[in-house]
Amino acid sequence: MSQTHCIILFSLWTLISGYSDDRVRDLMSRYPLIDGHNDLALQLRKLHNNRLNNVNVNNMSNIATDITRLHAGHVQAQMFAVYVMCGAQDKDAVRLTLEQIDVIRRMCTEYKDFELVTSAQELRNSKLRHKIACMLSIEGGHSIDSSLPALRMFYQLGVRSMSLTHTCNTPWAESSSKLYMFYQKQNDSLTSFGKAVVEEMNRLGMIIDLSHTSWGTAQAVLNHSKAPVIFSHSSSYTICNNDRNVPDWLLKELKRNRGLIMVNLHTNFISCKKEANISHVADHFDHIKRIIGADSIGIGSDFEGAVSFPKGLEDVSKYPALIKELLRRNWTEQELADILRRNFIRIFDEVEKMRDQLVYERPSEVQISMEEVQNPCRLVLRHPDSTGSLSEKSHSSSDQSRPLCLALVLLLSNLILL
Ligand SMILES: [Zn+2]
């Protein structure tokens, strides 16, 4: 090839590439991203012990997320995961959850670029105000300690979504992971208390998240929920057969529920190998679109919750590269607007609409039985005795279990933060 040909080809490539960059920028300015899952609060816990005063969230070059790069990536809203390790289940999960809610709420109040939102309308408004909307999402049902009042109080604090499990079973729902043995034998996919959790989330207007649950639990929830549900950070099992991903038959059930799968970008769930690139990620989008359509897809990056991301998608500033690849694969602007934000807003609207339909239902008073919760840290309150005073005892027969309980918390917390 002559030098002239080379120059012409290079000029053409630059022109086309520049054109598509402009097109992506224009599209993402009009339809900025709502991302379904980011574990920034986990990093604040791990790296800074939640001491927000020591951190500048505008620039945090040692991790993948900060305000400067969220703007560069056209991220307009982020579901921030309220995550506490499974080692805290039946111990101090509720306290740790409150602390994670506190640090996210503080961050989203103290930084003027952020804004905490708790409704679909507030989410829309935050775009008009050029804010990055923060949404609170509990990751793992162990955070509520099998208590519907605790679930309701988290809602009052602004939590609008909860995944029913993380990597551990709860007494009432099953995880996709076999990492922990808690509640392994007694459990079925979704117990009657688990159904009560689903019903209460429907009544409150809290989005049910099925990422991390077993497929059996996901199916049971899809059969039971009156509102659409999401997988906030899961990808296609057909493309990468990891149990955290969603098989086609379950995608079809999700479609019937009018729900949403927000594709996880973590390398392990994308290529099932140690490395991946943007093309591998786009394969997940193409496949899921083929099975259930672009109106059921979103993006749930999992930044800060995983260590390895595809080449070209290493941090929150890189989303435009993915949109550029999907444009190259002939995704329409309408489809991209859907996956960037419109699908999520539709789900949020529908969940709120169901809440409004259930407005006359009273808060559920269903309680889990002590037999279902094998928790030595739980205090058993008894009915008043003949003198009218309330007596108490710990769930296990003696207080000797308490030092053991505390030691386990410390040990397991250290393990999970590796
Ligand atoms: Zn996760």
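Modeller: Start with helix 7, residues 192–204. Helix 7 has 13 residues and reaches 18 Å from its first C-alpha to its last, close to the 18 Å expected at 1.5 Å a residue. Keep in mind that this is a predicted model.

Now the burial. The buried residues of helix 7 are F193, G194, V197, V198, E200, M201, N202, R203 and L204. After helix 7 comes G205, with a positive phi near 90 degrees.

Helix 8 spans residues 215–224 and helix 9 spans residues 248–256; their axes come within 10 Å and cross at roughly 20 degrees. An angle under 35 degrees counts as roughly parallel, so helix 8 is roughly parallel to helix 9. The crossing of the two is left-handed. Helix 8 brings W215, A218, Q219 and L222 to the contact, and helix 9 brings L250, E253 and L254. By class, the contact residues divide into 5 nonpolar, 1 polar and 1 charged.

One loop position is also worth a look. G87 sits in the loop between strand 2 (75–83) and helix 4 (93–110). G87 has 24 C-beta neighbours inside 10 Å, so G87 counts as buried. In sequence, G87 and F182 are 95 residues apart; in space, they are 9.9 Å apart, C-alpha to C-alpha.

How values were computed
Residues numbered from 1 in each chain as written. Predicted model: local features only at pLDDT ≥ 70, side-chain atom pairs only at ≥ 80, totals over all residues. Axes fitted to C-alpha atoms, helices over the stretch in contact; angles between N-to-C directions. Helix = DSSP H or I, 4+ residues; strand = E, 2+ residues; numbered from the N terminus. Parallel < 35°, antiparallel > 145°, perpendicular 65-115°, else oblique. Left-handed = near helix turned anticlockwise from the far one by under 90°. Contact = placed C-beta atoms within 7 Å. Nonpolar A, V, L, I, M, F, W, Y, C, P; charged D, E, K, R; others polar. Buried ≥ 20, exposed ≤ 12 C-beta atoms within 10 Å, placed from the backbone. Expected span 1.5 Å × (residues − 1).
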